[in-house]
Amino acid sequence: MAALARPEAAAPPGPAEAAETAEAAELSRALSRLLPALDADSKLGRRRALEALQRALEAAPPETPAAAFQGPWARLLLPRLLRCLADPAEGCRALAAHLLGLGLRRAARPRDALPRLLPALAARLAGPEPARRPPPEACEELRLALVRLLRLAVGLCGAALAPHLDDAVRALRCALLDPFAAVRREACECAAGLARATPDHFHMQSESLIGPLMQTISHQHWKVRVAVIKATGTVIQFGSGKSVDDVLPHFAQRLFDDVPQVRKAVTCVVGGWLLDLRDRYSFFPRLIPLLLSSLGDEMPEIAHAAASLWEKIGLQWQQENEEDLKDKLDFGSPPPAHHPSPETRPGLGCRELVFRNLSKILPAVCHDISDWVVGTRVKSAQLLAELLRHAEDHITQHLELLLRTLLHACADDEGAVVSSCTRSAELIGAFVSPDVFLRLMWPLLKKSPSAPGLLVLASVIRGCPREALQPHLKTIAMELAQVHICQGAEKRVYGENLLLCVRALVAVCREACRGCSLQLMKVLVTILAFADATGLGDEVQETMAILAVEENGGDSQDLYREHVGPLLEWLAGSHHDWTVYSTELLQFNVLVTHTGPALGTALPHLVPILSSCLQPDRDPQMRLKLFSALSRVLLRAKETLDSQGQFHSYLDTVIKDILVPNLQWHAGRTAAAIRTAAVSCLWALLSSDVLLATHIQDMQRTLMSPVLTALEEDSQMTRLTSCRIISVFLKSSGGATDPDKFIKIYPELLKRLDDVSNEVRLAAASALVTWLQCITKDAGKSQSQSDIQYLYRELLVYLDDAESTVQDAVLEVLKAGSVLFPDLLVTETEAVMHKHRSPAYCERLLQHIQTRPPV
């Protein structure tokens, strides 16, 4: 028993151990010969010694056991090389760093070097104030080599670095702020490796790296930014979740980065946190918006990566909360029939994640959508649409906030913001009952009608399913036709959005719009009334055509034919108060000028309004506008006012109540302009070919006197038109009129031969021809001999006019009058021929009289 208690004698070393010992002794002797030169005063000597060491280490056979190298490395080589890291010569420091890397790779226990290696690296990389003072190592390439050496140590030693985290983190904090971009990138990789290598201890130091990382995240080199984002993801993943709040604002800014790789890095890191972060549930409200923002990225690769991550996150959360979702999983409903895109509907887990966090996410998104930075507003608007797509009918409880936000955002100058907001409004229409959103929309529009409000309403209507919207169709149409909405503004954008509301109603409800087409026509007529200011005439006509097709398969004229009477009745209620600034006047003009043949069916409503509004005591500017519209339709009377052949029944009212009062002379330019407009209307009526000869003769008895007075007007157009009207009156009467009134016509026409306008003079000459032709038809022409003689004498004066066209016209007048008293005309002509500058026209007149056959 005593023999058993004695310690066993040490076993003799085996052959392998003996060989390792011999090799270690040989290596020690070789190093001992080279190491003294490292202390040489000469820089060249130290460098040569280091180069010799390099050759010795690199020349060693690969099969040399690491255990044989461990002893000489740790005892002889490591301390001397670490001292060389502070050598004054840059080349020596570089060789020392390289040799340290070789030694770490060959050593059997590289972790044994950490107690001396880490402080030395920290001393060379970390200064007292890294943000203000340069690091102790001045050479950029050497700092890069030292960080790579630190990364090598992290990779080789792993968890053994835990006792030395302070030194490693201190070195990395400075390296992350290094002026050299490559050093920062390498430091990011090293920080990520350190986090993975020491998962049990790293959380105690991780927060100290967040500050330098966030200072570097906006570096000008995109590769550095990508490295920082990835390193931050790993540092927080294995470190403390408390830093997430500090990091997220910086990550949100990187989503606006111009480089796609940076945005993709943010997307992948945030997706990784949502999948694997230990405290991820508490960070869902802050992380989900970042990932959802990437779903709308302009780069398909990033959007696809975000969608793939989001789908995994939803499935993982669904599996983790399977008990809470049991009913929804077991009795899951298919996508709603009105879902805007059922094929891309998010999964249950994704929808539930958004719904449960929506109350925390939505206020911040609604705030950012009005940010002063354009990019922030664009991203926020895109994110809002994604949130609503996921929340579906759960958005009802947030509807008031959403509508206020959309009303504000739709006024944005940035088209991308408005486009995303209209998409959000369409989703509201798809998932929220019209009862709810209309109850909130109408007070907003009544309080302050605006173009953004109408755009939101149009978008909501466009997204609403037909079955849900149809019961509210008439109410919506009636509200749109209210004065405070349809006449809310004359700006183009307001008219465009109001028109969008009508188009949305027609597009969704289609033939169901028959019951409210009158209200929709009121809206369209109002928009068309402002077409001069908005330029929306063509768009309104297109909408009317669409509405007509849906209502009865016809065109816009069918709509006018059906509704022109009620529309005129609608306007007639206020026509006593119209002025030139009244919107109702513009609406009335639209109906008069656009109704076409249907206008002939509305004469019982139209003529009384015209008669009342064209009285001399009404607004002059309004009367001018109405006369202009009336002239246009009178020129096409067969296609408008007389399309049903009933206009003659109202002719007496038009003449006596409209034209005669406005042809009376009153002082002032405005009154003169109104007389010109009235004369133009009369001429349009006479030119329309809807009047019989008897109608014109009746008009002559009433209107000849004021038309003769109009020959003295200052307006050339009035004088010219009056001459033409007189000519028409004379042709229709054929002289069958009161002789006393008839004989008073030619002196007024004769005065017009002195007019400043040659056009008026020619028209007067033409009217005189007609007047003389009427004399020839009159059996009592002998009673007019003295007047004819006077006329001959006056006309012969103009036969010598400076204008040849006037001479030709007067010659035709004299030829026409020569049939009355030819001998008298010959006598008068011969008496003045010698006074003319040229007797040519007199000779032609005499020749005409001589060649004319005797009566």
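**Exercise 1.** How many residues does helix α22 have, and what distance does the helix reach from its first C-alpha to its last?

*Solution.* The structure is a predicted model, in which local features need pLDDT of at least 70, side-chain atom pairs count only at pLDDT 80 or more, and totals for chains, interfaces and linings use all residues. Residues are numbered from 1 along each chain as its sequence is written, and side-chain values use heavy atoms, with hydrogens and water left out.

Step 1. A helix is a DSSP run of H or I with at least four residues, numbered from the N terminus. Helix α22 covers residues 451–463 and has 13 residues.

Step 2. The expected span is 1.5 Å times one less than the number of residues. For α22 the expected value is 18 Å, and the helix reaches 19 Å, which is close to it.

**Exercise 2.** How many disulfides does the structure hold?

*Solution.* Step 1. A disulfide is a pair of cysteine sulfur atoms within 2.5 Å. The structure holds zero disulfides.

Step 1. For C92, the nearest cysteine sulfur belongs to C84 and is 7.0 Å away. C92 is buried, because its relative accessibility is 0%.

Step 2. For C366, the nearest cysteine sulfur is that of C421, 9.5 Å away. C366 is also buried, at 9% relative accessible area.

**Exercise 3.** Which class of aromatic pair do W578 and F588 form?

*Solution.* Step 1. Rings of Phe, Tyr and Trp (its six-membered ring) pair if their centres lie within 6.5 Å; planes under 30 degrees apart count as stacked, over 60 as edge-to-face and the rest as tilted. The whole structure contains six aromatic pairs.

Step 1. The ring centres of W578 and F588 are 5.5 Å apart and their planes stand at 55°, so the pair is tilted.

Step 2. W578 lies in the loop between α30 and α31, whereas F588 lies in helix α31. W578 is buried at 3%, and F588 is buried at 1%.

Methods: Helices (H or I, at least four residues) and strands (E, at least two) are DSSP runs, numbered from the N terminus. Buried means under 20% relative accessible area, exposed over 50%, partly exposed in between (1.4 Å probe, protein chains only).
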